[in-house]
Amino acid sequence: MSELDRPPAPLDETVREHLAKQLRHTLDADAPKPAYLGDTGLPPDIEDKVHRLDRSVRASQAGEAAVREALEDLGTETEKE
């Protein structure tokens, strides 16, 4: 096996942390500043999709909880009879 065929050795933890810090700094510097507290900074068309997806997930979770509760109640009623 030649040196070119071997996978590269993993980077040291300190090197990874340094690179991650530089990347975060670069991404934060390029990010637009929020207009208000809670501003996501997303483009309006993407933000709308994120809100709709969030509502859908919350509704699904609420529905699952309601079904779970109804099944639990049904199980306790059956045990009483």
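1. A word on terms before we start: buried means under 20% relative accessible area, exposed means over 50%, and partly exposed is whatever falls in between, with a 1.4 Å probe and protein chains only. Ala65 has 35% relative accessibility and therefore counts as partly exposed. This residue lies in helix H2, and its C-alpha is 16 Å from that of Asp54, 11 residues away in sequence.

2. A note on what you are looking at: this is a predicted model, in which local features need pLDDT of at least 70 and side-chain atom pairs count only at pLDDT 80 or more, while totals for chains, interfaces and linings use all residues. Residues are numbered from 1 along each chain as its sequence is written, and side-chain values use heavy atoms, with hydrogens and water left out.

3. On the overall fold, the chain holds two helices and zero strands. Both kinds of element are DSSP runs numbered from the N terminus (helices: H or I, at least four residues; strands: E, at least two). Helix H1 covers 13–30, and helix H2 covers residues 44–80.

4. The accessible surface of the chain is about 7,700 Å², and carbon and sulfur atoms supply 59% of it. Areas come from the Shrake-Rupley method with a 1.4 Å probe; for residues, only the protein chains shown count as cover.

5. Turning to charge, the chain carries 11 positive and 19 negative side chains, with 6 Å between the centres of the two sets. Lys and Arg count as positive and Asp and Glu as negative, leaving out His and the chain ends. Each charge is placed at NZ of Lys, CZ of Arg, CG of Asp or CD of Glu.

6. How many salt bridges does a search of the whole structure find? It finds three, a salt bridge being a side-chain nitrogen of Lys or Arg within 4 Å of a carboxyl oxygen of Asp or Glu. In helix H1, Arg16 and Glu13 sit three residues apart, about one turn of the helix, and their closest N and O atoms are 2.3 Å apart. Arg16 is partly exposed because its relative accessibility is 41%; Glu13, at 42%, is partly exposed too.

7. Helix H2 holds Arg52 and Asp48, four residues apart, whose salt bridge has its closest N and O atoms 3.3 Å apart. Arg58 and Asp54 also pair, at 3.0 Å from N to O; because they are four residues apart in helix H2, about one helical turn separates them. Arg58 counts as exposed because its relative accessibility is 55%, whereas Asp54, at 34%, counts as partly exposed.

8. Finally, a nonpolar patch: Leu11, Val15 and Leu19 form one on the surface, with about 240 Å² of accessible area together. Patches take residues with over 30% relative accessible area and no salt bridge, joining like charges within 9 Å and nonpolar side chains (Val, Leu, Ile, Met, Phe, Trp, Tyr) within 5 Å. Leu11 lies in the segment before helix H1 and, at 48% relative accessibility, counts as partly exposed.
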